[in-house]
Amino acid sequence: MIVITGASDGLGLEVAKLYKAAGKTVVNVSRHESKYADVNLLHDLRKGSEITAAANEIMALKEPLEVLINCAGVYTNEPLGQITEEEIKRNMATHVKAPILLVSTMIDRIKRDGTDVANVVSAVATKANPNEAVYGASKWALRGFTQNLQLELKDTSCRVIGFYPGGFGTDLFLKATGKDVDREKFMRAADVALCLKQLLDLPRNIEISEIILNRKNPK
């Protein structure tokens, strides 16, 4: 089975669609149902108790856990001088607390099943962008966890992928700011999802530890 956090929308939804078409059992963990999921575990991944509950529900499923994709994400672009504690908590809980607690709670199952773990980070975790201090810091923290997890699982059959896409078109920016991006200038979420799945479909003796996707606008 393929477990995807945030498979109800955006990139997670596109990834779920691909795995569903491939005949895999898709498990969605988010606050909302995914139309491509066989199992919907409805939890708020910003709350520790619900993260733990989701992990326990996943472990209760009998099918082997092939892949865990930590894809749930939020966005904020509050500039310095206007940063709020609420946005810090929201970003850190979603991007840092949720993946760490989910993996930590399930680590024995992950090792037993030889589960691949893909953390969807962001290209902002390789550079800095204006007005993204909070968002960027949370993604840098997720990058740190990803590298630690690679070290912890080095001598197992599990692969750990740090996936760092640049800007792609979803409702993430719109939800946070009330304004949409020019999606013609951004990567398509479906294409980014395909790239992620292709990495996970590689022979198991190949691990792409980190990959950065930069959007390019051909002239």
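**A walk through the pocket, the helices and the cavity**

Let us start with the largest pocket, where α1 (10–21), β2 (26–30), α3 (85–113), α4 (133–152) and α5 (172–177) each supply at least two residues of the lining. Helices (H or I, at least four residues) and strands (E, at least two) are DSSP runs, numbered from the N terminus. The model is predicted: local features need pLDDT of at least 70 and side-chain atom pairs count only at pLDDT 80 or more, while totals for chains, interfaces and linings use all residues. Residues are numbered from 1 along each chain as its sequence is written, and side-chain values use heavy atoms, leaving out hydrogens and water.

The largest pocket holds about 1,200 Å³ of space. It is lined by 46 residues, and G73, V74, Y75, T170 and L172 are the closest to its centre. On a 1 Å grid over the protein atoms alone, a pocket is an open set of points with protein on both sides within 12 Å along at least five of seven lines, a cavity is a set where a 1.4 Å probe fits but cannot get out, and lining residues have an atom within 4 Å of a point. α5 gives the most to this pocket lining, with four residues. By class, the lining has 19 nonpolar, 16 polar and 11 charged residues; Ala, Val, Leu, Ile, Met, Phe, Trp, Tyr, Cys and Pro count as nonpolar, Asp, Glu, Lys and Arg as charged, and the others, Gly among them, as polar.

Now follow α3 and α4, whose axes come within 8 Å and cross at roughly 10 degrees. That makes α3 roughly parallel to α4 (an angle under 35 degrees). In their contact (heavy atoms within 4.5 Å), the α3 residues include I88, M92 and V103, and the α4 residues include Y135, L142 and F145. The residues of this contact divide into 13 nonpolar, three polar and two charged.

Further along, α3 bends by about 65 degrees at I107, the bend being the angle between axes fitted to the seven residues ending there and the seven starting there. Just after α3, G114 takes a positive phi of about 65 degrees.

The largest cavity has a volume of about 70 Å³, and 13 residues line it, with T5, N70, A72, T94 and P99 nearest its centre. Both α3 and α4 give two or more residues to this lining, and α3 has the largest share, with five.

How values were computed:
Grid points are joined across faces, edges and corners, and a volume is the space filled by probe spheres set on the points. Axes are lines fitted to C-alpha atoms, for helices over the stretch in contact, and angles run from 0 to 180 degrees between N-to-C directions. Angles under 35 degrees count as roughly parallel, over 145 as roughly antiparallel, 65 to 115 as roughly perpendicular and the rest as oblique.
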